Amino acid sequence: MNAEKRLAMDLLDAVWKEDVQGVENCLELGASPSWVFNGYPILMHAISIGNEEIVNLSLIHISE
């Protein structure tokens with residue numbers, strides 16, 4: 001597995017755990033909330049859990 005995909009999977013894991021610090025760390029390391037898992041971008045997974053802080057962090061990094 002390449003490093004980019006591993007980082008995206010770590011981001012998805014942090015999103016589902018609602019680990020705000022973990023999400024922020026992954027995003028700062030270059031993980032993309034646009035990566036698609038199970039048919040949806042990580043951003044949509046974040047929206048589905050309803051954690052506003054994680055969604056906002058993801059939106060900031062999607063526009064960079």
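These exercises work through helix packing, a salt bridge and a surface patch in a predicted model.

**Exercise 1**

Find how helices α1 and α3 are oriented relative to each other, and which residues join them.

Solution. Two packed helices are described by the angle between their axes and the distance between the axes.
- Step 1: Helix α1 covers residues 3–16 and helix α3 covers residues 42–49; their axes lie 9 Å apart, at an angle of about 10 degrees.
- Step 2: Angles under 35 degrees count as roughly parallel, and α1 and α3 are therefore roughly parallel to each other.
- Step 3: On the α1 side the residues are A8, L11, L12, V15 and W16, and they meet I42, H45, A46, S48 and I49 of α3.
- Step 4: Sorted by class, this contact of α1 with α3 holds 8 nonpolar and 2 polar residues, with no charged residues.

**Exercise 2**

Describe the packing of helix α2 with helix α4 by axis distance, crossing angle and residue classes.

Solution. 
- Step 1: The axes of α2 (residues 20–28) and α4 (residues 52–62) come within 10 Å, crossing at roughly 5 degrees.
- Step 2: With that crossing angle, α2 is roughly parallel to α4.
- Step 3: From α2, the contact uses V20, V23, E24, L27 and E28; from α4, it uses E53, I54, L57, S58 and H61.
- Step 4: The residues of the contact of α2 with α4 comprise 5 nonpolar, 2 polar and 3 charged.

**Exercise 3**

Solution. Side chains of opposite charge can pair when their charged atoms come close.
- Step 1: The whole structure contains 2 salt bridges.

**Exercise 4**

State which residues make the nonpolar surface patch, and where Y40 sits.

Solution. 
- Step 1: Y40, M44 and I47 make a nonpolar surface patch of about 300 Å².
- Step 2: Y40 is placed in strand β2, residues 40–41.

Methods:
Residues numbered from 1 in each chain as written. Predicted model: local features only at pLDDT ≥ 70, side-chain atom pairs only at ≥ 80, totals over all residues. Heavy atoms only, no water. Axes fitted to C-alpha atoms, helices over the stretch in contact; angles between N-to-C directions. Helix = DSSP H or I, 4+ residues; strand = E, 2+ residues; numbered from the N terminus. Parallel < 35°, antiparallel > 145°, perpendicular 65-115°, else oblique. Contact = heavy atoms within 4.5 Å. Nonpolar A, V, L, I, M, F, W, Y, C, P; charged D, E, K, R; others polar. Patch = residues over 30% accessible without salt bridge, like charges linked within 9 Å, V, L, I, M, F, W, Y side chains within 5 Å. Areas by Shrake-Rupley, 256 points an atom, 1.4 Å probe, with all protein chains shown as cover. Salt bridge = Lys/Arg side-chain N within 4 Å of Asp/Glu carboxyl O.
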